[in-house]
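Colleague: I would like to learn how to read strand pairing, helix packing and backbone geometry in a model. Could we go through one together?

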Amino acid sequence: MLRSTRVVTPEGERPASVAVRGGVVTGVLAHDAPVPPGVPVTDLGTGVLLPGLVDTHVHVNDPGRSEWEGFATATAAAVAGGVTTLVDMPLNSVPPTTTAAHLEVKRAAARGRVHADVGFWGGAVPGNTADLRPLHEAGVFGFKCFLLPSGVDEFPPLSPAELSAALTEIAGFGGLLVVHAEDPAVIGAAPQQPGRRYADFLASRPPAAEERAVEGLVELAARLGARVHVLHLSSASALPLIAAARRAGVPLTAETCPHFLTLTAEEVPDGATEFKCCPPIREAANRDALWAALADGTIGSVVSDHSPCTLALKRRDTGDFAEAWGGISSLQLGLSAVWTEARRRGHTLVDVARWMAAGPAALAGLSAKGAIAPGKDADFAVLDPDAAFTVDPARLHHRNPVTAYAGRTLHGVVRETWLRGRRVARDGAPAGPPSGRLLALAAEEG
């Protein structure tokens with residue numbers, strides 16, 4: 001049993017005792033509920049007991065590019081930051097997760113090495129439409145695709161005709177397509193000026209690219225009745241399209257990321273390629289609109305898009321945004337980063353749990369995750385919401401010590417992380433050997 005004066009449940013925050021048996025929550029009881037004989041009690045005092053976070057957008061890159069990141073290091077970072085479940089993206093590893101055989105290669109690389117529970121997305125690429133159903137039957141949580149080059153040759157984008165064919169196939173078995181939504185024609189027409197100026201990089205990925213891509217996805221989802229999810233939404237100008245589609249009953253959802261909610265284009269120094277991601281970090285007014293969309297439900301989840309690489313690929317030597325790999329490393333810091341800005345804007349930890357645990361769990365169909373409630377896995381993060389710390393990349397567990405949050409002061413220190421009723425991290429580090437499970441859409445593997 002875990003006890004706290006501040007337990008965040010789907011009904012709100014309250015003092016409670018959380019009963020656990022066999023790794024599952026069996027009851028959320030009164031704070032002073034009697035303890036059955038022989039049942040150990042962990043009293044957290046005023047530490048906030050949150051549901052373990054669910055991050056459905058993580059690039060582990062293992063196998064094949066494990067020098068960028070690996071299952072052991074990524075999941076160590078995850079549990080250090082209160083993330084108990086992650087879903088790995090199908091690209092940047094070699095082979096990409098585009099066939100059932102490739103999925104087994106990925107699972108073999110992860111097996112026995114994960115501190116958090118880990119599931120997998122499949123990939124939709126040209127020529128693999130016949131592989132989508134077998135991947136679904138093998139347990140992937142949905143399918144990722146690009147509409148423009150992904151950055152790695154082994155995961156090419158879908159043309160409009162290929163997108164329609166893939167989504168028709170996926171709709172046939174009730175699957176989910178998650179999309180990097182930037183339009184290649186808009187980006188192709190934008191000025192492409194290499195160099196150190198962040199303003200030039202920002203101009204190369206204009207908001208209109210996201211707007212046009214979302215417009216096309218809305219039309220396709222409505223016509224096919226297919227579930228479509230917009231990944232890492234950066235541009236607030238696409239929000240009216242998403243809101244209107246949802247009001248009309250189109251099965252379209254959207255996520256955003258901590259870096260879009262906490263960082264702004266105005267503060268990115270020229271040459272600071274650790275801030276490069278695609279789509280890009282935009283201006284402060286855009287950030288405000290993303291927060292409003294979270295508050296009104298237009299955006300349903302906040303996930304990391306943890307996309308690390310080696311120090312060399314970030315091109316910090318030249319500071320050239322055009323040459324640098326795009327991706328923000330933040331898996332360990334997402335909860336603290338979002339809470340720092342959320343508290344300033346008057347949001348609560350109940351809101352944060354909805355965005356970072358319940359929302360992503362619902363998206364992926366992880367019915368045992370995302371909430372402190374009877375029948376759910378006993379996955380928890382224990383947060384000291386008022387404690388502050390300064391981000392030191394050397395203290396992060398992901399493989400390469402580079403992050404856009406370096407030197408920033410954040411509020412909210414994760415004191416402990418629990419996975420299925422066992423403490424797996426304490427004071428910013430894993431508390432034991434890997435004990436995570438590999439998850440499938442309808443089952444899990446020990």
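Predicted model: local features only at pLDDT ≥ 70, side-chain atom pairs only at ≥ 80, totals over all residues.

Colleague: In which sense do strands S11 and S12 pair, and over how many bridges?

Modeller: In general, strands of a sheet pair through backbone hydrogen bonds, either parallel or antiparallel. Here S11 (residues 176–180) and S12 (residues 227–230) are paired in the parallel sense, with four bridges between them.

Colleague: Which strand do three bridges join to S12?

Modeller: That strand is S13 (residues 252–256), and S12 and S13 run parallel. Two partners can be picked out: His229 has Thr253 in S13 as its bridge partner, and Val230 has Ala254 in S13.

Colleague: How should I think about the side chains along such a strand?

Modeller: In a regular strand the side chains alternate between the two faces of the sheet.

Colleague: What do S12, helix H8 and S13 make?

Modeller: They make a β-α-β unit, and it is right-handed; H8 covers residues 239–247.

Colleague: What is the order of the strands in the open sheet?

Modeller: The order is S9-S10-S11-S12-S13-S14, six strands with parallel pairing. S9 (122–123) and S14 (301–302) are at the edges with a single partner strand each, so one side of each has no neighbour in the sheet.

Colleague: Which strands does H4 touch where it packs on the sheet?

Modeller: H4 touches S10 (143–146), S11 and S12, and the direction of H4 makes about 150 degrees with that of S11.

Colleague: Now the helix pairs. At what angle do H3 and H4 pack, and how far apart are their axes?

Modeller: For a helix pair, read the angle, then the handedness, then the residues in contact. H3 (residues 129–137) and H4 (residues 160–172) pack at about 30 degrees, and their axes are 9 Å apart. H3 and H4 are therefore roughly parallel to each other, since angles under 35 degrees count as such. Their crossing is right-handed.

Colleague: Which residues of H3 and H4 meet?

Modeller: From H3 there are Thr129, Leu132 and Arg133; from H4 there are Ala165, Ala166, Glu169, Ile170 and Gly172. Sorted by class, the contact of H3 with H4 has four nonpolar, two polar and two charged residues.

Colleague: What are the angle and the axis distance for H4 and H7?

Modeller: H4 packs against H7 (residues 207–224) at an angle of about 40 degrees, with the axes 11 Å apart. That makes H4 oblique to H7. The crossing of H4 and H7 is right-handed. H4 contributes Leu163, Ser164, Leu167, Thr168 and Ala171 to the contact, and H7 contributes Leu217, Leu220, Arg223 and Leu224. The residues of the contact of H4 with H7 comprise six nonpolar, two polar and one charged.

Colleague: Is the crossing of H7 and H8 left-handed or right-handed?

Modeller: The crossing of H7 and H8 is left-handed. Their axes come within 9 Å and cross at roughly 15 degrees, and H7 and H8 are therefore roughly parallel to each other. Glu211, Val214, Glu215 and Val218 of H7 make the contact with Leu241, Ile242 and Ala245 of H8. By class, the contact of H7 with H8 has five nonpolar, no polar and two charged residues.

Colleague: That leaves the backbone. What should I look for there?

Modeller: Most residues other than glycine have a negative phi, and most peptide bonds are trans.

Colleague: Is the peptide bond from Asp62 to Pro63 cis or trans?

Modeller: The bond from Asp62 to Pro63 is cis, with omega near 5 degrees. Pro63 sits in the loop between strand S6 (53–58) and helix H1 (71–80). Val94 and Pro95 are also joined by a cis peptide bond, with omega about 5 degrees. Pro95 is in the loop between strand S7 (83–88) and helix H2 (100–110).

Colleague: What is phi of Asn92, and where does the residue lie?

Modeller: Phi of Asn92 is near 85 degrees, a positive value in a residue other than glycine. Asn92 is placed in the loop between S7 and H2.

Definitions and conventions. Residues numbered from 1 in each chain as written. Heavy atoms only, no water. Axes fitted to C-alpha atoms, helices over the stretch in contact; angles between N-to-C directions. Helix = DSSP H or I, 4+ residues; strand = E, 2+ residues; numbered from the N terminus. Parallel < 35°, antiparallel > 145°, perpendicular 65-115°, else oblique. Left-handed = near helix turned anticlockwise from the far one by under 90°. Contact = heavy atoms within 4.5 Å. Nonpolar A, V, L, I, M, F, W, Y, C, P; charged D, E, K, R; others polar. Pairing = 2+ DSSP bridges. Right-handed = clockwise from strand over helix to strand, strands pointing away.
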